[in-house]
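I opened the model to look up a few contacts and pairings. My notes follow in the order I took them.

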Amino acid sequence: MLYQPWPWYIAGPLIALVMVVLILMGKRFGMSSNLETFCSIGGAGKFTDYFKVDLKSRRWNLLVVLGSVIGGFLGAHVLSPNLAVQISEKTVAKLNGLGFESAGTAYLPTELFSLEALTRPSVWILLLVAGFLVGFGTRYAGGCTSGHAISGLSNLQRPSLIAVIGFFIGGLIMVHLIFPLIFGS
């Protein structure tokens, strides 16, 4: 069972259980707030008041990051006997047509996330612009996809519902309109 994706009726209740525990503890789940914490640890609070936060109250969430890194590593290297991604043949063909020959064989496209790819300035520009937009959008929306979609929706927060709808609309626009413009030849 550990070597296969878990069905929604197992994974969903487990996520709900974690959220109930966090709500009862008065905690909120999200990954992007950890960037603020890391910046505060690094001394960014000396330059702007935004990063003057109570680090002790955020220590628990840093353990979530550590657990995510360890869990991701174990999932990728211990619990994944087959590195092929299970996506439809139609999607693989479409991605191959856009120049992503690694589609269906790797979780991250090697055309963007390999040492060879980092020798091309266009990849650096794309990754830097994308990183800036994701970071800016995360802070502008008041949280990341995991924070809004899991924590915010479980707390019945209307801004999180609006943000999640925006995430889906933005994802659809990216995949169907912008992505082919960037990578189409």
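I began with the contact between two helices: S33, N34, T37, F38 and I41 in α2 meet N61, L62 and V65 in α3. Sorted by class, the residues of this contact are 4 nonpolar and 4 polar, with no charged ones. I note that the model is a predicted one.

Next I looked up the geometry of the pair. Helix α2 covers residues 33–41 and helix α3 residues 59–77; they pack at an angle of about 110°, and their axes are 10 Å apart. The crossing of α2 and α3 is left-handed.

I then went through the salt bridges, of which the count is 3. In one of them R58 pairs with E36, and the closest N and O atoms are 3.2 Å apart. R58 sits in the loop between α2 and α3 and E36 in helix α2, so I logged the pair as a link between distant parts of the chain, 22 residues apart. 

How exposed or buried are the two partners? R58 has 21% relative accessibility and counts as partly exposed, whereas E36, at 9%, counts as buried because the limit for buried is under 20%.

R139 has a relative accessible area of 33% and is partly exposed.

I also found K52 in a salt bridge with D49, with the closest N and O atoms 3.1 Å apart. Both ends are exposed: K52 has a relative accessible area of 55%, and D49 is at 57% relative accessibility. Through shared partners, salt bridges join E36, R58 and R139 into one network.

I turned to S146, which lies in helix α6 (residues 145–154). Is S146 buried or exposed? S146 counts as buried, at 16% relative accessibility. Leaving aside neighbours within four places in sequence, I find S146 in contact with F29, G30, M31 and S151.

My last entry is L156, in the loop between α6 and α7 (158–183). L156 has a positive phi of about 60°, although it is not a glycine. I flagged this because most residues other than glycine have a negative phi. L156 is exposed, with a relative accessible area of 77%.

Methods: Residues numbered from 1 in each chain as written. Predicted model: local features only at pLDDT ≥ 70, side-chain atom pairs only at ≥ 80, totals over all residues. Heavy atoms only, no water. Helix = DSSP H or I, 4+ residues; strand = E, 2+ residues; numbered from the N terminus. Buried < 20%, exposed > 50% of the residue type's maximum accessible area, 1.4 Å probe, protein only. Contact = heavy atoms within 4.5 Å. Axes fitted to C-alpha atoms, helices over the stretch in contact; angles between N-to-C directions. Left-handed = near helix turned anticlockwise from the far one by under 90°. Nonpolar A, V, L, I, M, F, W, Y, C, P; charged D, E, K, R; others polar. Salt bridge = Lys/Arg side-chain N within 4 Å of Asp/Glu carboxyl O.
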